Amino acid sequence: GVGPVSIGPISYENAWAEEAGYQRPVELATVRLKNMVEALGNWDEYVSNPTQIARRGATFIFEEPSGECIYEYRHRGVLTYSETMRRPLSFLAPFIGNDRAANPLGMGDAAAHETPQSG
């Protein structure tokens, strides 16, 4: 959770202070940057055929060598790429296991083993 905030004479507690798995904006940005570095660093592994990248905000998984689409998600809005944005990689659990899908970077995360919810 996030503890009480004190800035000079102003003190308050965030409504989400005890929410498990909450990350402050800088922490969240760091996780997103690490995810981006992972994806770009392994681009050729993740994207075997760049001509199949047709849109932003969508996720597709293709079976090799058939090319059959075995997972598809098309965005409903801005900056979404998974049905479960709270745990955006949970759709990968059948392929990489529940633990890695819930916490792919292995960071301390008390909520990593909660059941993902859509969002």
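Let me start with helix 1, residues 25–41, which gives the most to the nonpolar patch, with 4 residues. The model I am showing is a predicted one, and every value I quote is computed from it. The patch itself is formed on the surface by L33, M36, V37, L40 and W43, and together these residues have about 500 Å² of accessible area. W43 is found in helix 2, which covers residues 43–46, and with a relative accessible area of 38% W43 is partly exposed. Residues qualify for such a patch at over 30% relative accessible area, so W43, at 38%, passes that cut-off.

Stepping back to the overall fold, the secondary structure comes to 4 helices and 4 strands, and read along the sequence these follow the pattern β-β-α-α-β-β-α-α. Of the 119 residues in the protein, 22% are buried. The protein exposes about 8,900 Å², and carbon and sulfur atoms supply 55% of that area. If we consider the contacts with a separation of 6 or more, 30% of them are accounted for by residues 24 or more positions apart.

Now to one pair of strands. Strand 3, residues 58–62, and strand 4, residues 69–74, run antiparallel and are joined by 5 bridges; one of the pairings sets F62 against C69, its bridge partner in strand 4. The two strands form a hairpin with 6 residues between them, and in the turn G67 has a positive phi of about 80°.

Which residues make up the largest nonpolar core? There are 5 residues in all, namely I61, Y71, Y73, F91 and L92. In soluble globular proteins, nonpolar side chains tend to be buried together. Taking Y71 as an example, and leaving aside its neighbours within four places in sequence, we find Y71 in contact with T59, F60, I61, E83 and F91, and I61 and F91 are themselves among the core residues.

Finally, the charged side chains. How many salt bridges does a search of the whole structure find? The search finds 1, in which the side chains of E72 and R74 meet at 2.6 Å, N to O. E72 is partly exposed, with a relative accessible area of 41%, and R74 is likewise partly exposed, its relative accessible area being 41%. Buried would require a value under 20% and exposed a value over 50%, which is why I describe E72 and R74 as partly exposed.

Note on methods. Residues numbered from 1 in each chain as written. Predicted model: local features only at pLDDT ≥ 70, side-chain atom pairs only at ≥ 80, totals over all residues. Heavy atoms only, no water. Core = buried A, V, L, I, M, F, W, Y, C linked by side-chain atoms within 4.5 Å. Buried < 20%, exposed > 50% of the residue type's maximum accessible area, 1.4 Å probe, protein only. Contact = heavy atoms within 4.5 Å. Salt bridge = Lys/Arg side-chain N within 4 Å of Asp/Glu carboxyl O. Patch = residues over 30% accessible without salt bridge, like charges linked within 9 Å, V, L, I, M, F, W, Y side chains within 5 Å. Areas by Shrake-Rupley, 256 points an atom, 1.4 Å probe, with all protein chains shown as cover. Pairing = 2+ DSSP bridges.
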